[in-house]
Amino acid sequence: MSNFLPVNKLKNFLIILSLFIGGFSAFSQQAIDFGLGANISTGLQDEWGVHLKSQYHLNEKWNLYGEYNLFFRRDVISQNTETYHAFGLGANYQIFQVSTANIYAGLGYVANNFPIDERNPDTTELFVSTGNINHAANLKLMGILPLGEHLHLFAEYNIRSFGKRYDTFTFGFIYRLSE
């Protein structure tokens with residue numbers, strides 16, 4: 001379970017992803033965002049996580065995102081804390097704007113290294129497992145509210161094809177490098 005994204009590989013991947021997206025941003029004069037937030041599992045009350053995201057805005061309506069989540073699950077009986085990782089890629093489209101808040105809907109890919117119990121009634125069959133990595137689709141509903149010129153507040157609800165137990169609510173801050 002701890003072999004999914006070792007820290008060294010993850011750090012290198014995030015640096016390369018940031019440079020790659022940042023390079024596009026410099027040439028096309030589009031915006032790039034970096035965000036930090038918290039996850040709350042809507043399917044399991046003892047699970048929470050840390051959320052890191054990067055978004056590249058192609059134009060006013062479309063953005064591409066990459067995200068990493070580190071989840072913690074507390075087992076109250078054994079007093080043990082389990083962790084697992086999730087990585088996602090996808091695209092969001094702005095469906096409408098309310099005052100200064102932008103509302104997006106998106107579709108993406110998500111992979112995690114959590115051992116999925118297929119007998120659990122909250123688990124679907126709409127995912128593929130390869131070794132200890134699970135692959136699924138992600139439907140995202142996200143709102144972004146500007147707090148200043150570069151700082152934004154975001155909230156999102158992720159519906160994953162793993163099943164209801166893997167759906168999450170995420171909130172946090174985004175720092176936009178250019179407007």
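**Close-up views of the predicted model**

**View 1. Ile-133 is partly exposed, with a relative accessible area of 22%.** Here buried means under 20% relative accessible area, exposed over 50%, and partly exposed in between (1.4 Å probe, protein chains only). The structure is a predicted model in which local features need pLDDT of at least 70 and side-chain atom pairs pLDDT 80 or more, while totals for chains, interfaces and linings use all residues. Residues are numbered from 1 along each chain as its sequence is written, and side-chain values use heavy atoms, without hydrogens or water. Ile-133 belongs to strand 7, which spans residues 133–146. Its C-alpha atom is 7.5 Å from that of Phe-114, a residue 19 positions away in sequence.

View 2. Read from the N terminus, the order of elements is α-β-β-β-β-β-β-β-β-β. Of the 179 residues in the chain, 40% count as buried.

**View 3. The rings of Trp-62 and Tyr-93 form one of four aromatic pairs in the model.** Rings of Phe, Tyr and Trp (six-membered ring) pair with centres within 6.5 Å; planes under 30 degrees apart are stacked, over 60 edge-to-face, the rest tilted. For Trp-62 and Tyr-93 the ring centres are 4.8 Å apart and the planes stand at 55°, so this pair is classed as tilted.

**View 4. Phe-71 and Tyr-84 make a stacked pair of rings.** Their ring centres are separated by 5.0 Å and their planes by 20°, so the arrangement counts as stacked. Phe-71 lies in strand 3 and Tyr-84 in strand 4; the pair thus links distant parts of the chain, 13 residues apart. Both residues, Phe-71 and Tyr-84, are buried.

**View 5. Asp-33 and Arg-176 form one of the five salt bridges found in the whole structure.** A salt bridge is a Lys or Arg side-chain nitrogen within 4 Å of an Asp or Glu carboxyl oxygen. The closest N and O atoms of Asp-33 and Arg-176 are 2.7 Å apart. Asp-33 is in strand 1 (residues 32–41) and Arg-176 in strand 9 (residues 168–176), so the bridge ties together parts of the chain 143 residues apart in sequence. Asp-33 and Arg-176 are both buried.

**View 6. Arg-73 and Glu-82 are joined by a salt bridge between partly exposed residues.** The closest N and O atoms of the two side chains are 2.6 Å apart. The relative accessibility of Arg-73 is 22%, so it counts as partly exposed; Glu-82, at 24%, also counts as partly exposed.

**View 7. Lys-140 and Glu-156 take part in a salt-bridge network.** The closest N and O atoms of Lys-140 and Glu-156 are 2.8 Å apart. Lys-140 lies in strand 7 and Glu-156 in strand 8 (residues 151–160), so their bridge ties together parts that are 16 residues apart in sequence. Both Lys-140 and Glu-156 are buried. The network that contains them also includes Lys-53 and Glu-67.

How values were computed
Helices (H or I, at least four residues) and strands (E, at least two) are DSSP runs, numbered from the N terminus.
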